[in-house]
Amino acid sequence: MLVTQQEKLRADVTALVDRLGPGRSSLIPILQDVKRRHHGVDSDAMQIVADLLDIHPVEVYSVATFYAFLNPAAQGEFVVRLCRTVSCELAGKDAIARQLETELGIAFGETGEDGRFTLEWANCMGMCDQGPALLVNDRVYTRVTPERVREIAAECRAAYSGHAAERKEGYLV
Ligand code: FES
């Protein structure tokens, strides 16, 4: 049976409301979970959350855009963040940035059309003596070289689950 993305989203949010309760206090945890599972909180998701919590969609939008960690823009399966703070800058972050853009085929601030990668800048992540430092989702990479960038990208591609393609086509269950 083919389940559309909207139906999957509605089922996920319904389960979350059942678990967390229908009050306003559930709004942030629900948005966090939707973002984690669906790689973003788009307008359909906001409408569904608003319907199921019986609140205005504008309220959902305000909360989603106020909290940076709920950034409603869709993100790739792998969010790659390169530190641009001074120690990493001095350790050669520019060469790593160029290599990342070449390797991933996107510029900083962009998500690739296939939904695999989002490339972003980050600020100091406490690895200043081991720069350049890079985060891929929750994993930290230190002393990154251009060659290491190629390896990291290859590892991500090998681990890619194809969620973006599933989102386009609907879910097979
Ligand atoms: S300056 Fe890059 S991790 Fe601290």
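A helix here is a DSSP run of H or I with at least four residues, a strand is a run of E with at least two, and both are numbered from the N terminus. Keep in mind as you look around that this is a predicted model.

Let's start with helix α3, which covers residues 43-53. Its buried residues are Ala-45, Met-46, Ile-48, Val-49 and Leu-53. Why do they end up on the same side of α3? Because they cover an arc of only 165 degrees around the axis. Among the elements covering these buried residues are α1 (5-20), α2 (27-38) and α4 (57-66). Just past the end of α3 sits Asp-54, with a positive phi of about 55 degrees.

Now take a look at how α2 and α3 meet. Their axes come within 11 Å and cross at roughly 145 degrees, and the crossing is right-handed. From α2, the residues involved are Leu-27, Ile-30, Leu-31, Val-34 and His-38; on the α3 side they meet Ala-45, Val-49 and Leu-53. Sorted by class, that contact has seven nonpolar residues, one polar residue and no charged ones.

Next comes the sheet. Strands of a sheet pair through backbone hydrogen bonds, and they can do so either parallel or antiparallel. In this model, four strands make an open sheet in the order β3-β2-β4-β5, and the pairing is mixed. The edges are β3 (117-122) and β5 (139-141), each of which pairs on one side only. On average, neighbouring strands of this sheet are turned by 20 degrees against each other, direction ignored. Leu-82 stands opposite Trp-121 in β3. Packed on this sheet is helix α6 (residues 93-104), which touches β2, β3 and β4 (134-136). The direction of α6 makes about 160 degrees with that of β2.

Finish with Cys-156, found in helix α7 (residues 146-159). Is Cys-156 buried, exposed or partly exposed? Being buried takes 20 or more other C-beta atoms within 10 Å, while 12 or fewer counts as exposed. Cys-156 has 18 of them within 10 Å, so it is partly exposed. Which residues does Cys-156 touch, leaving aside its neighbours within four places in sequence? They are Phe-78 and Val-136. Phe-78 is 78 residues away from Cys-156 along the chain, yet their C-alpha atoms are separated by 7.3 Å.

Note on methods:
Residues numbered from 1 in each chain as written. Predicted model: local features only at pLDDT ≥ 70, side-chain atom pairs only at ≥ 80, totals over all residues. Pairing = 2+ DSSP bridges. Axes fitted to C-alpha atoms, helices over the stretch in contact; angles between N-to-C directions. Contact = placed C-beta atoms within 7 Å. Arc of directions from axis to C-beta. Left-handed = near helix turned anticlockwise from the far one by under 90°. Nonpolar A, V, L, I, M, F, W, Y, C, P; charged D, E, K, R; others polar.
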